[in-house]
Every structure is written in C-alpha cells, then in structure tokens.
Amino acid sequence: GIQRGMNSIGWIIISLITLFLLGQFALVYRTRGIQGRPAPDLSDLISEEQKTHETLFFYFHSPRCGMCRQVSAILDPLMSERTDIIGIDVSRRPDMARRFKVMGTPTLMRVRDGRIEKVLMGTRNEDVVRAFIS
C-alpha cells in the first residue's frame, strides 16, 4: 500500500517537472521564432524623437510580476535618462503584449531598423540587462 502510494506520487512529480520543462522550452522556442521578424507597427507607441533612434528597447513588465521588480530596479533609472528604452506595463496595455507576441514578463526586446533583433525573457542579472541595452 504505502510503497505503491509513494510510487504514484513520484510519477506525479516527474510528470509535473516534465510539463514545466516542456512549457519553458516552448517559451524559448516561441521567443526565438519572434527574433528576426519585422516589428509590429509602432507609430502609435513611440514619439517623433524615438523614431530617430536606429535601435529601440522595449521592456514588457507587470506590477504583479515578482521577477520584474529586479529588472525594473535596473531599467527604471535608465528610462528616465534615455528615450530609446520604452517600458510597457502589460496589465495596462495587453494589446501591446499581443501585438509583439510577448508570452510572459519580464521580456526585453531589441528592435533595430524595424526588425525584432533579440528577445530576452525572464529574470536576468544586472550585467546581462546592461549588456542587452548597450
């Protein structure tokens, strides 16, 4: 009885871990699929000044996202100084998340010459974030 119960709990745990890993793989795969594609229409999202930048960085975040707090601590001060980093709160602008095909937060996206050049999803340390936006 007990041995059999432990066995089925083990299988449930292994199944959950497998599903989680498949989900992570699917997100990475979808993220890679976005890279290299033309960026969506940005005319209603960016200012005339921002249109002069060759490269723009989009930071998709949400107030309920714990991982976003770490990235926001790095990016918020930079966004007040630089016009090429655009923060998008997906809880206020879910349409933007759909338009950019963003699957989760935090997501950083580099758009150069109208193409999505690179996408970073999830928590990153400060060095990785700073390297991405430099």
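Residues are numbered from 1 along each chain as its sequence is written, and side-chain values use heavy atoms, with hydrogens and water left out. Because the model is predicted, local features need pLDDT of at least 70 and side-chain atom pairs count only at pLDDT 80 or more, while totals for chains, interfaces and linings use all residues.

**The disulfide.** Select Cys65 and Cys68, which form a disulfide with their sulfur atoms 2.3 Å apart; the term is used for a pair of cysteine sulfur atoms within 2.5 Å. The structure holds 1 disulfide, and the link of Cys65 and Cys68 is right-handed, with 90° about the S-S bond. Both cysteines, Cys65 and Cys68, are buried, where buried means under 20% relative accessible area, exposed over 50%, and partly exposed in between (1.4 Å probe, protein chains only).

**The aromatic cluster.** Next, select Phe58, Phe60 and Phe100, which ring pairs link into a cluster. Rings of Phe, Tyr and Trp (its six-membered ring) pair if their centres lie within 6.5 Å, and planes under 30 degrees apart count as stacked, over 60 as edge-to-face and the rest as tilted. The count comes to 3 aromatic pairs. One of these, Phe58 with Phe100, is tilted, at 5.1 Å centre to centre and 45° between the planes. This pair links distant parts of the chain, since Phe58 is in strand β1 (residues 55–61) and Phe100 is in the loop between α4 (94–99) and β3 (107–112), 42 residues apart; helices (H or I, at least four residues) and strands (E, at least two) are DSSP runs, numbered from the N terminus. Both Phe58 and Phe100 are buried.

**Salt bridges.** Now select Glu126 and Arg130, whose closest N and O atoms are 2.8 Å apart in a salt bridge, that is, a side-chain nitrogen of Lys or Arg within 4 Å of a carboxyl oxygen of Asp or Glu. Because Glu126 and Arg130 are 4 residues apart in helix α5 (residues 126–132), they are separated by about one helical turn. Glu126 is partly exposed at 39% relative accessibility, and Arg130 is partly exposed at 38%.

Finally, select Arg110, Arg112 and Glu117, which are linked in a network of salt bridges; within this group, the side chains of Arg112 and Glu117 meet at 3.1 Å, N to O.
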